[in-house]
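Please keep the sequence and the model in view while reading.

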Amino acid sequence: MDRSWRRVALVLSILVLSGCASLRGPGAPGQKLDPWENWNRKVFNFNESLDTHVLKPVATVYSDIVPAPVRLAADNFFSNVADAWSAVNLLLQGRFKASVEQGMRFAVNSTLGFGGLIDISTEVGLERKSEDLGKTFGVWGTGTGAYIVWPLFGPSSVRDTLALPFDRIATSPSLVVKDGYSKTALSALQLVNARANFLRAGEMLDGIALDKYTFIRDAYLQRRGSFGSDDEYEVLTPEAPAVPASSPQAGP
């Protein structure tokens, strides 16, 4: 449960920082990268309605009924599948040492951790480095592009949209299951379990965001602009120089 709370804290920290960025006026990166805002807001409202009436209630019941250790095991299993794709992307990014470590993490959890249900790797010092094809495109110079909100899939960008089919396929264990019922059940579990992890964070966001669309948009662009290393991020506005995240200029 401590890891779950760390995830919640991380998400909220990103949102607060992005909220500060959104107060900088018309020159804010999010506004410059959102030329389809009218359409995006309509899709955003549709997704919010779907979440409010379907996904959130189901995730709430799931969270109330399913014991925390079982939810954690499910989370570990799906994260372990994503670790394998992260290892591939780290290799494509030229980060060979990190790729080997991530591959070892996947191998250890898949074998000693009963198919990834137990996260043994973190306990022995093999920390997770989550990477995807969208970030790999960014490392090799592909700009973020315009912000896009997709029905069901939520926030994205032109760059991440190009990578979306590959990322979804590579991180979905249901694709290796042939039985139709099992495939649907596994996909549903992955979705509901992921939503259940952010129930409290979502409630806190509802309470502090003046404009939830802007808040989430700027948070997404801030997070998706970060790749390659832990101390640098990709600047989303073309006229600004790249600034290390540790620099005072990188603050809100």
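How are H4 and H5 oriented to each other: roughly parallel or roughly antiparallel?

## Basis of the report

The structure is a predicted model, in which local features need pLDDT of at least 70 and side-chain atom pairs count only at pLDDT 80 or more, while totals for chains, interfaces and linings use all residues. Residues are numbered from 1 along each chain as its sequence is written, and side-chain values use heavy atoms, with hydrogens and water left out.

## Packing of H4 and H5

Two packed helices are described by the angle between their axes and the distance between the axes. Helix H4 (residues 68–92) and helix H5 (residues 96–111) pack at about 160°, and their axes are 8 Å apart. Axes are lines fitted to C-alpha atoms, for helices over the stretch in contact, and angles run from 0 to 180 degrees between N-to-C directions. H4 and H5 are therefore roughly antiparallel, a term for angles over 145 degrees.

The contact (heavy atoms within 4.5 Å) involves Asn80, Asp83, Ala84, Ser86, Ala87, Leu90 and Leu91 on the H4 side.

## Overall composition

The chain contains 11 helices and two strands. These are DSSP runs, numbered from the N terminus: helices are H or I with at least four residues, and strands are E with at least two. Of the 252 residues of the chain, 38% count as buried, that is, under 20% relative accessible area, with a 1.4 Å probe and protein chains only.

## Nonpolar cores

A nonpolar core is a set of buried Ala, Val, Leu, Ile, Met, Phe, Trp, Tyr and Cys residues joined through side-chain atoms within 4.5 Å. The largest one has 11 residues, among them Leu33, Phe44, Tyr147, Tyr213 and Leu221. Helix H3 (37–65), strand S1 (147–150) and helix H11 (212–224) each supply at least two residues of this core, and H11 gives the largest share, five residues. Another core, of 10 residues, lies apart from it and includes Leu55, Ala59, Phe78 and Val192.

## Glu37

Glu37 belongs to helix H3. Its relative accessible area is 26%, which makes Glu37 partly exposed, the class between 20% and 50%. Apart from neighbours within four places in sequence, Glu37 is in contact with Tyr213 and Arg217.

Terms used: Parallel < 35°, antiparallel > 145°, perpendicular 65-115°, else oblique.
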